[in-house]
Amino acid sequence: MTTSPAGPPPADGLLSAARRNLRELAHGLSHASHPPTPLFAGSPRRWLRLLPYAVVVALTAVFVPVTIQVLTGDYGVPGGLAGALAVGQAAPLLMLAHRPLQAWWIVFAADVVGALVMLGRPEYQDVIWPWTPPATIGYLFVLLALGLRESRRTVTGVWLATGAAGLLLDLIAPSHRDGSALLLFVLGGVVLVIGAAVRERSEAQRRLVEQETISEAERAQRTLLEERTRIARELHDVVAHHMSVITVQADSAPYRIGGMSEEVRAEFASIADGARESLTEMRRLLSVLRSDGSRGELAPQPGLDRVQQLVEAMVRAGLPAELSMAAEVAEAVDRGGVPQAVDLTAYRVVQEALANVVRHAPGARTRVSVTARDGHLTVLVVNDRAQRPGSPLETSGTGHGLVGMRERVRLTGGTLDTGPLPDGGFRVAARLPLPPPRHP
């Protein structure tokens with residue numbers, strides 16, 4: 001009985017892994033990992049966007065004549081050939097701003113050709129070989145640009161290709177060996193590591209900024225949803241009260257009003273059944289909103305009749321606040337002329353505005369005004385500049401309180417206006433609709 005092997009032999013596995021890595025390195029050396037856009041292309045500062053162009057122009061203007069001078073003076077290369085080699089080794093530095101990988105291919109080939117040209121001139125055996133000083137320094141700038149723009153796989157391939165070329169040239173002419181190939185290999189590795197570290201750090205910062213932006217948007221959306229859920233819970237009590245009154249009136253109408261026909265009794269019964277069904281559906285919806293295990297508050301919902309208590313509590317806490325409520329508003333609250341949703345929203349606006357004064361402007365004089373005019377209830381909370389010495393409890397707010405106030409006012413059909421005042425204070429103004437007066 002024979003059994004087939006579970007997998008390829010270890011040697012075959014190593015060979016396949018090596019071939020795969022070589023293919024990845026070759027792909028990295030032949031395909032740029034970034035679009036042809038220069039560094040700092042998205043910067044809002046114009047001088048920073050122009051900086052890469054200025055750097056590559058300056059490098060090219062320096063290295064082309066210096067390379068020609070070194071090749072002709074120290075290595076005895078004829079002027080025409082020295083000019084061609086200088087252009088091949090230094091002119092591609094102009095491409096570092098956009099296409100550093102393509103520039104590396106040209107510079108790498110030109111440096112190898114230059115090493116072979118100098119190898120054919122035996123009278124110059126005491127000079128640095130295979131890489132001339134200008135070629136070494138220019139090559140390091142190319143590697144730095146690669147480290148700042150390309151992926152880790154690409155820079156690894158470039159580094160290995162540099163070491164392999166230096167080793168091969170040392171094997172071809174061991175008598176010319178002076179350690180410059182090893183020096184470029186080591187310095188190139190250091191430059192590539194520095195460039196890659198800077199690139200990865202900038203990418204990490206960019207991703208962090210993007211994540212913070214996304215998190216802030218999600219936080220604002222979550223705050224809005226939580227506030228809407230809270231508003232829905234509170235409005236449940238308001239709507240449930242009216243629906244309960246409708247149910248009671250529809251059920252008791254046949255007993256309170258005599259001489260009803262059967263059709264009228266059936267109509268009142270249908271109204272009562274519809275109200276009960278609506279209450280049941282609202283309770284189901286409320287149970288979904290409270291699926292987190294929270295329980296509803298047993299205390300009645302506050303309204304404008306408790307704004308005075310709210311202001312007095314702030315005064316006891318050390319906040320100089322005063323309340324001005326129009327007489328017609330107080331009368332409307334007493335006789336139930338203010339809808340419960342508007343009543344609750346007005347109280348919450350005053351409550352949140354006073355809490356913001358305590359947090360951001362402790363000790364500031366605050367004025368609360370509630371008036372009714374032209375079919376609208378106006379709630380105005382204005383505070384002066386903070387008078388208490390020391391820093392506020394919160395130097396920068398999240399704006400979640402304003403989000404909640406704005407959402408509450410919007411759901412009642414009103415408008416909210418908030419903003420700083422020229423004297424350093426703050427103003428919160430809510431305009432809520434009131435139903436038209438009912439005449440007997």
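How many nonpolar, polar and charged residues does the lining of the largest cavity have, by class? I looked this up first, keeping in mind that the model is a predicted one, and I noted 7 nonpolar, 3 polar and 1 charged residues in that lining.

**Entry on the cavities.** I then listed the lining by name, and found that the largest cavity is lined by Phe-63, Thr-67, Gln-89, Ala-90, Leu-93, Val-107, Asp-111, Pro-134, Ala-135, Gly-138 and Tyr-139. Two or more of the lining residues come from each of helix H2 (46-73), helix H3 (79-90), helix H4 (100-119) and helix H5 (133-149), and I marked H5 as the element with the largest share, 4 residues. The volume of this largest cavity is about 50 Å³, and the count of cavities of 30 Å³ or more comes to 2.

**Entry on the largest pocket.** Sorted by class, the pocket lining has 16 nonpolar, 6 polar and 6 charged residues.

**Entry on the strands.** I followed strand E3 (residues 376-383) along its pairings, and found that 8 bridges join strand E2 (residues 366-373) to E3, the two running antiparallel. Within this pairing, Thr-366 has Asn-383 in E3 as its bridge partner. The hairpin of E2 and E3 has 2 residues between the strands, and I noted that Asp-374 there takes a positive phi near 55 degrees. E3 is also joined by 8 bridges to strand E5 (residues 426-433), again in an antiparallel arrangement, and I recorded Ala-430 in E5 as the bridge partner of Val-379.

**Entry on the whole chain.** Stepping back, I counted 12 helices and 5 strands in the chain. Of its 440 residues, 34% count as buried, while the chain exposes about 25600 Å², of which carbon and sulfur atoms supply 61%. Lastly I checked the contacts with a separation of 6 or more, and residues 24 or more positions apart account for 72% of them.

Methods. Residues numbered from 1 in each chain as written. Predicted model: local features only at pLDDT ≥ 70, side-chain atom pairs only at ≥ 80, totals over all residues. Heavy atoms only, no water. Pairing = 2+ DSSP bridges. 1 Å grid on protein atoms, 1.4 Å probe; cavity = no way out; pocket = protein on both sides within 12 Å on 5 of 7 lines; lining within 4 Å. Points joined across faces, edges and corners; volume = space filled by probe spheres on them. Nonpolar A, V, L, I, M, F, W, Y, C, P; charged D, E, K, R; others polar. Buried < 20%, exposed > 50% of the residue type's maximum accessible area, 1.4 Å probe, protein only. Contact = heavy atoms within 4.5 Å. Areas by Shrake-Rupley, 256 points an atom, 1.4 Å probe, with all protein chains shown as cover.
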